Amino acid sequence: MGSDAFEITINGIKLVLVFLLMVQAVPVLVWLERRGSGFIQNRFGPNRVGPLGLMQLLADAVKFLTKEEFSPKAATKLLFYAAPVFALIPGTLGFAAIPMSSPLHWGNYVFPIQGYNMGVGIVFILGVSSLAAYTILMAGWGSGNKYALMGALRASAQTISYELALGLSLVGIIMMYGTFNLSEMISAQEGTMVFHAFGNTVSTGWLPNWGIFYQPLAAVLFFSATFAESNRIPFDLAEGEAELVAGFHTEYGGFKMLLFFIGEYGHMMVASGLMATFFFGGYNIPWTTTEQVYQWAMGIAGTADGASALTSLVHFLSYMIKLGAFLWIFIWIRWTLPRFRYDQLMDLGWKTMLPWALANTVISAVVIFAVSYSW
Amino acid sequence: MTADSFIFWMLAAVTLCSGLAVVLVANPIYSALCLAMTMVGVSALFATLGAYFIAGVQMIVYAGAVLVLFVMVLMLFDLKTELGTFSRGKISGLLKIATVGVLAGFLAGVFSMSSELAGKSESAGALAGTEASKTLGGLLFTKYILGFEALGVLLLVIAIGVVGLARSKGGTHAKH
Amino acid sequence: MPLGGVIFISVFVAVFGCLCLYLGRLFGGKKYQDSVKLEAYECGIPSQEKKGTRISVKFYLTAILFILFDIEIIFMYPWATSFKEMIAAGIGAYALISMMIFIAIFIFGLFWEIKSKALEWD
């Protein structure tokens with residue numbers, strides 16, 4: 001975690017801050033989701049408690065807190081209580097691995113503005129997010145309720161099916177950048193579009209050098225698959241309330257329910273962060289490079305430390321805007337598309353997205369191979 | 001004791017304890033979950049050795065796929081009534097004790113061998129992140145290409161076999 | 001080493017979660033429990049099936065096919081990282097063709113599964 005006590009302490013605090021950022025974003029997102037739903041459906045949404053209904057968040061938290069603590073007779077107590085606690089872990093570990101800003105140089109120290117800089121970023125995030133299936137299975141089986149169990153089985157079959165398309169859509173991205181490391185991917189997307197083809201260097205000044213322009217199909221597949229991974233509409237079959245009451249969290253209430261909520265929103269935030277990182281330049285400001293931003297900051301701050309801090313701050317804001325935009329799309333889609341039927345969902349995952357992801361891999365490989373020759 | 005060796009011993013202890021729990025716990029669901037914990041521990045141990053890519057693969061394939069299958073299949077049973085068949089009986093007790101004995105034997109062997117090796121080897125310079133995977137990719141596609149393609153065929157055979165088994169008579173999706 | 005950070009935050013999050021559960025227990029309103037309330041939340045009338053419901057073998061089939069395809073995808077990752085370097089080293093055509101054979105086997109498997117209706121849900 002670091003070489004001396006100061007660095008270790010700072011890195012520890014940073015990790016806790018990343019986690020708290022994720023947790024405190026949940027009430028804001030819930031508020032945004034409810035107001036946004038109201039806006040989309042031409043109604044008000046919460047607007048009575050405090051200005052714009054903002055105090056509704058606090059009221060909800062208090063309500064969650066004072067709900068009766070309760071576990072059904074048929075439940076397996078240990079699994080029933082362990083599941084919501086485990087629900088937090090995959091989202092947090094994934095979110096902490098995404099770079100949020102350019103590294104902060106302070107004196108002799110370099111602090112990456114992220115939980116930890118994993119060398120194998122993508123593989124790590126895929127690994128921890130695949131653990132989310134256990135949470136669902138533990139909750140569903142631990143509840144001792146047949147609807148919860150059915151919901152859990154459906155949800156886990158769904159997440160594993162879409163993990164295939166998710167993992168495969170990333171092969172093209174990895175091929176293009178030649179790395180697993182998210183920071184290296186972001187630095188490869190700096191500035192305006194420049195690429196080498198057939199021995200020539202092609203540059204277009206009016207487009208940012210973003211991954212989506214090289215891998216558009218992968219972006220669509222990846223974003224769709226993350227909807228299924230985070231159990232959001234149109235893929236929230238796990239809680240199809242017409243058939244399954246509320247799926248795997250039927251028996252949960254109060255703070256236990258809140259922990260599941262944080263887990264679900266955590267998945268959304270990981271998905272949005274990865275979307276920004278792979279396809280939209282990560283923390284970079286469009287059309288600029290980190291070096292240009294640093295020069296600009298140097299002109300304002302004067303000192304190297306101050307300029308680095310300002311650069312990090314500006315990049316952090318840029319990342320937050322991108323993250324927020326994708327989170328808003330998650331909410332938007334919820335009120336745009338209806339829920340799929342289960343067989344449609346499985347067909348889409350296995351028969352449409354998986355073949356297209358394979359096609360994307362083949363096409364990317366052939367194109368990368370072809371443009372490497374000059375004639 | 002340095003921080004790295006502390007992390008290693010802690011992870012080793014967690015991995016071993018959850019491994020023991022797999023055989024000692026009566027409820028098969030808990031056994032499977034403990035096995036998943038063991039896999040996560042093994043993955044973290046790979047990471048302490050600097051093999052980050054292998055650690056990730058261990059996590060994705062074993063903890064994230066194989067054991068999800070185990071847990072899912074166990075949940076298909078009505079375990080509350082069938083628990084007896086898993087936990088009672090002299091044979092299963094004997095098996096457990098024998099398994100623990102074999103494990104202890106392995107453990108003793110590992111300790112005696114690793115104490116010998118620990119002095120000798122400088123840990124191989126950990127290839128940070130992607131480099132290891134690049135080396136692996138290079139080797140896989142030059143030296144071990146035949147094995148790699150054979151693996152593709154093997155996986156195909158398994159996939160076909162699975163469907164054949166699921167559709168054999170008596171199943172819910174038997175051919176009519 | 002980032003592993004220390006991963007372990008630290010996992011433990012921190014687990015403690016945070018347990019604390020939340022404890023807070024919920026501490027402030028969680030009145031305790032009123034009768035036998036009906038402790039029943040599983042279903043439809044209100046006594047359940048007809050005493051044994052667990054039978055569940056389709058499809059879930060098992062899906063999970064095992066997932067493992068197989070997941071392994072194939074994982075094998076593409078090292079190739080993807082080193083592909084550009086292999087091109088630079090002059091063995092690009094060789095790397096491309098060997099991976100295309102692998103992907104062809106993959107595609108054959110996938111379409112065989114689709115054709116044999118193993119992925120059909122009804």
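**From chain A to one helix of chain B**

Modeller: Of the 375 residues in chain A, 52% are buried. Bear in mind that this is a predicted model. Chain A holds 13 helices and 4 strands. The C-alpha trace of chain A spans about 70 × 50 × 45 Å along its principal axes. Take the contacts in chain A between residues at least 6 apart in sequence: 74% of them join residues at least 24 apart.

Now to chains B and C. Their contact takes 41 residues from chain B and 42 residues from chain C. On the chain B side, the elements giving two or more residues are α1 (3-24), α2 (28-48), α3 (52-76), α6 (130-142) and α7 (145-167). The top contributor is α7(B), with 13 residues. By type, the chain B side divides into 28 nonpolar, 9 polar and 4 charged residues.

So much for the setting; next, the helix itself. α7(B) has 23 residues. From first C-alpha to last, α7(B) reaches 34 Å, close to the 33 Å expected at 1.5 Å a residue. Which residues of α7(B) are buried? They are Gly152(B), Leu155(B), Ala159(B) and Val163(B). What do the buried residues of α7(B) pack against? Their partners are α2 (58-88) and α3 (92-115), both of chain C.

Technical notes: Residues numbered from 1 in each chain as written. Chains lettered and ligands numbered in written order. Predicted model: local features only at pLDDT ≥ 70, side-chain atom pairs only at ≥ 80, totals over all residues. Buried ≥ 20, exposed ≤ 12 C-beta atoms within 10 Å, placed from the backbone. Contact = placed C-beta atoms within 7 Å. Nonpolar A, V, L, I, M, F, W, Y, C, P; charged D, E, K, R; others polar. Expected span 1.5 Å × (residues − 1).
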